[in-house]
Amino acid sequence: MSDELVFRLPELLRNWPWPRRINPFYEECKKESMEWCEGFKAFSPNAQKAFNRCDFEVRAQTNKTTQCLSDRLTFTPILDGCRVNCDLMNLFFLIDEHSDVADKETARFQMECVMDALRNPHKPRPEGEWIGGEVARSFWLNAIRTATPAAQKRFVDMFQSYTDAVVQQAADRDVHRIRDIEGYFEIRRETIGVKPSFIMAGLHLSLPDMVMDDPVIKELTILAIDMVYIANDIYSYNVEQSRGDDGHNLVTIVMHQLRLDIHGALQWISDFYDDLVAKFLRAWNNIPVYGGPMDFEVRTYTEGVANWVRGHDQWSFECERYFGKEGRIIQKTRKVVRLPKRPHVGL
């Protein structure tokens, strides 16, 4: 098969010391969260089947073989936290699937529904409103039962930044805009949704602003976010290019700006990613020490951030969103066959 039809995925985490872990409450929470999400009937039957195959709950909960996104990524093995994070990953998927086919103004309306629901969870949603508002309200009503006040405030603030970026992504798509690398990094750190995910994954933590604003903690957080979205862009590229929706993807950005083919772009991204890993490991040795219980919370947060990087990578191969049933094989061989162009399946 020609080089034009086959490309190899870089082994991004070959030097990553955090192993695959999973929340012991995963199976229970996955079932509950899937039933909760299906109850809103936000997708067509075919789209719902595709959604279920993605198994988003595992991305957040990574030692046992499973398929759920949010259960890999909670910071502590707590039942309530596991369920809340499973629901959050499902909310992200719903927003992603609906906003990806929306123009700027439609996306703006959808994101306004979501943010109003988060700020007013006890207010019933208007009849006939886009379903995402009610899904967000239901998610948040459950989350605020156990989330600390500090986590609640940070989450809403971070989710506002995320929804603003989703609208901007739709605006870029309307005019077929392809950003430069730096401009792309700026918006992608928001559209990936990892900032609010970190906060909700540590929903039982009460870290003060002085900790979250510490330069080392901020550096670790940003580096982990960059690693997650870069990996996501590499793994999702084939599916996205096949449906003509790869303008908001680092592989496309690098090929366009640096005039590289896909092989050269993946090598450039791999080298860049290796540098992020090295920076993260150096910063890890400088995590601040405050004394007392605060150190436990700091360590819980930073370990969780590191685990998120591993969890997202594992989920990408264990679900069927990007590689179908070949994910485990591709994870070993790293060989991907370019998909032919095809239309995006509707909602």
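Predicted model: local features only at pLDDT ≥ 70, side-chain atom pairs only at ≥ 80, totals over all residues.

User: Is Ala42 buried or exposed?

Analyst: The cut-off for buried is a relative accessible area under 20%. Ala42 has 10% relative accessibility, so it counts as buried.

User: Which residues is Ala42 in contact with, leaving aside its neighbours within four places in sequence?

Analyst: With those neighbours left aside, Ala42 is in contact with Leu94, His98 and Ile131.

User: Can we try another loop residue? Where is Leu13 found?

Analyst: Leu13 belongs to the loop between β1 (6-8) and α1. Its relative accessible area is 9%, so Leu13 is buried. Leaving aside neighbours within four places in sequence, Leu13 has contacts with Tyr273, Val309, Arg310 and Asp313.

User: What about His122, is it buried or exposed?

Analyst: Exposed is the word for a relative accessible area over 50%. His122 has 66%, so it is exposed. His122 lies in the loop between α5 and α6.

User: Which residues does His122 touch, not counting those up to four places away in sequence?

Analyst: His122 touches Arg137, Leu141 and Ile144 on that count. Take the pair His122 and Arg137: they are 15 residues apart along the chain, and their C-alpha atoms are separated by 7.9 Å.

User: Now the helices on either side of that loop. How many residues has helix α5, and how far does it reach?

Analyst: The idea is to compare the reach of a helix with the span expected at 1.5 Å a residue. Helix α5 (residues 104-119) has 16 residues and reaches 22 Å from its first C-alpha to its last, close to the expected 22 Å. For helix α6 (residues 131-143), with 13 residues, the reach is 19 Å, close to the 18 Å expected.

User: Why is helix α8 said to be largely enclosed by the rest of the structure?

Analyst: Look at how many of its residues are buried. Eight of the 11 residues of α8 (residues 181-191) are buried, so the helix is largely enclosed by the rest of the structure. The buried ones are Ile181, Gly183, Tyr184, Phe185, Ile187, Arg188, Glu190 and Thr191. What covers them includes α7 (149-174), α9 (194-201), α11 (215-242), α12 (250-258) and α13 (262-284).

User: What should I look for in the phi angles?

Analyst: Most residues other than glycine have a negative phi. Just after α8, Gly193 takes a positive phi of about 75°. Arg259 is not a glycine, yet its phi is positive, about 55°. Arg334, also a residue other than glycine, has a positive phi near 65°.

User: Where are Arg259 and Arg334 placed, and is each buried or exposed?

Analyst: Arg259 is in the loop between α12 and α13, and with 72% relative accessibility it counts as exposed. Arg334 is in the loop between α15 (327-333) and β2 (335-337), and at 8% relative accessible area it is buried.

User: Last, how do I read a cavity?

Analyst: Rolling a probe the size of a water molecule over the atoms shows where empty space is left. Here the largest cavity has a volume of about 70 Å³. The elements that give two or more residues to its lining are α7 and α9.

User: Which residues line the largest cavity, and how do they divide?

Analyst: The lining consists of Ala151, Arg154, Phe198, Ile199, Gly202, Leu205, Ser206, Leu207, Met212 and Tyr301. They divide into seven nonpolar, two polar and one charged.

Terms used: Residues numbered from 1 in each chain as written. Heavy atoms only, no water. Helix = DSSP H or I, 4+ residues; strand = E, 2+ residues; numbered from the N terminus. Expected span 1.5 Å × (residues − 1). Buried < 20%, exposed > 50% of the residue type's maximum accessible area, 1.4 Å probe, protein only. Contact = heavy atoms within 4.5 Å. 1 Å grid on protein atoms, 1.4 Å probe; cavity = no way out; pocket = protein on both sides within 12 Å on 5 of 7 lines; lining within 4 Å. Points joined across faces, edges and corners; volume = space filled by probe spheres on them. Nonpolar A, V, L, I, M, F, W, Y, C, P; charged D, E, K, R; others polar.
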